[in-house]
Amino acid sequence: MFAVIKTGGRQYRVVPDDVLEIGKIAGEVGTIVQLGEVLVLGGDTPVLGAPTVAGASVAAEVLQHKRGPKVIAFKKRRRKHSKRKRGYRDEITVLRITEILADGKAPTIGPRPKKEKVVEPAGGESDGDEAPKAAKKKADSKTSAKTPVKKAPAKKAAAKKPAAKKAAAKKAKSDE
């Protein structure tokens with residue numbers, strides 16, 4: 001079963017367990033809200049509203065409130081030395097659709113339980129072997145890096161004759 005809902009001037013096609021971002025609505029994080037403007041109830045026998053379906057609503061869990069990406073509105077008038085830069089960020093509510101209700105029924109599914117974070121034990125309670133092994137590996141890598149490496153002796157470049165001597169040698173050969 002699906003539904004087409006209208007909220008914030010936009011229309012969304014939703015099915016249970018959909019996650020969608022809509023314009024900000026009232027509701028605390030983790031609570032169930034009902035969206036009452038249902039335009040279409042779909043399924044085996046679709047029901048079209050005129051303009052809305054009477055008694056139909058969609059229950060959704062509020063996951064979070066956040067702000068959308070920054071939008072820059074830049075206006076410039078050519079050759080007039082006039083420009084204006086304004087920006088804004090939309091307020092967004094993230095919802096998870098829990099169920100689609102018809103005939104004025106109340107929501108039966110509550111919010112999902114939050115996952116608890118697993119806390120790792122403190123450093124003193126873990127195995128004591130891990131830290132010495134890591135220190136030993138670091139020490140081994142340092143000592144291997146300090147072993148001397150023999151370098152090949154650098155070759156000296158052959159001495160070049162000054163340009164004046166070359167010119168004099170060419171002149172002498174040409175004279176002969």
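Visitor: Which strands form the open sheet, and in what order?
Guide: This is a predicted model. In it, 4 strands make an open sheet, ordered β2-β1-β5-β6. The pairing is antiparallel.

Visitor: Which ones are the edge strands?
Guide: β2 and β6, the latter spanning 47-48. Each of them pairs on one side only.

Visitor: What holds strands of a sheet together in general?
Guide: Backbone hydrogen bonds pair them, in either a parallel or an antiparallel way.

Visitor: Back to β6. How many bridges join β5 to β6?
Guide: There are 2 bridges. β5 covers residues 38-42, and the two strands run antiparallel.

Visitor: What is the bridge partner of Val40 in β6?
Guide: Leu48.

Visitor: Switching to pockets. What volume does the largest pocket have?
Guide: About 240 Å³. Its lining counts 13 residues.

Visitor: Which of those lie nearest the centre?
Guide: Arg10, Ile22, Gly23, Asp90 and Ile92. As for elements, β2 (10-14), β3 (19-23), β7 (57-77) and β8 each give two or more residues to the lining.

Visitor: And the lining by class?
Guide: 5 nonpolar, 4 polar and 4 charged residues.

Visitor: What about the second largest pocket, what volume is that?
Guide: About 150 Å³. By class, the lining there has 4 nonpolar, 1 polar and 5 charged residues.

Visitor: Which residues line the second largest pocket?
Guide: Val29, Gly30, Glu61, Val62, Leu63, Arg96, Arg112, Pro113, Lys114 and Lys115.

Visitor: Which strand gives the largest share of that lining?
Guide: β7, with 3 residues.

Visitor: New topic: Thr93. Where is that found?
Guide: In strand β8, which runs over residues 82-101.

Visitor: Is Thr93 buried or exposed, and why call it that?
Guide: Buried, because its relative accessible area is 0%. The cut-off for buried is under 20%.

Visitor: What does the Thr93 side chain reach?
Guide: The backbone nitrogen of Ile25, at 3.2 Å.

Visitor: Which residues does Thr93 touch, leaving out those up to four places away in sequence?
Guide: Leu20, Glu21, Ile22, Gly23, Lys24, Ile25, Val62, Gln64 and His65. Some of these names came up earlier. Ile22 and Gly23 are among the residues nearest the centre of the largest pocket. Val62 is one of the residues lining the second largest pocket.

Note on methods
Residues numbered from 1 in each chain as written. Predicted model: local features only at pLDDT ≥ 70, side-chain atom pairs only at ≥ 80, totals over all residues. Heavy atoms only, no water. Buried < 20%, exposed > 50% of the residue type's maximum accessible area, 1.4 Å probe, protein only. Polar contact = N/O pair within 3.5 Å; in protein donor to acceptor, adjacent residues only side chain to side chain. Contact = heavy atoms within 4.5 Å. 1 Å grid on protein atoms, 1.4 Å probe; cavity = no way out; pocket = protein on both sides within 12 Å on 5 of 7 lines; lining within 4 Å. Points joined across faces, edges and corners; volume = space filled by probe spheres on them. Nonpolar A, V, L, I, M, F, W, Y, C, P; charged D, E, K, R; others polar. Pairing = 2+ DSSP bridges.
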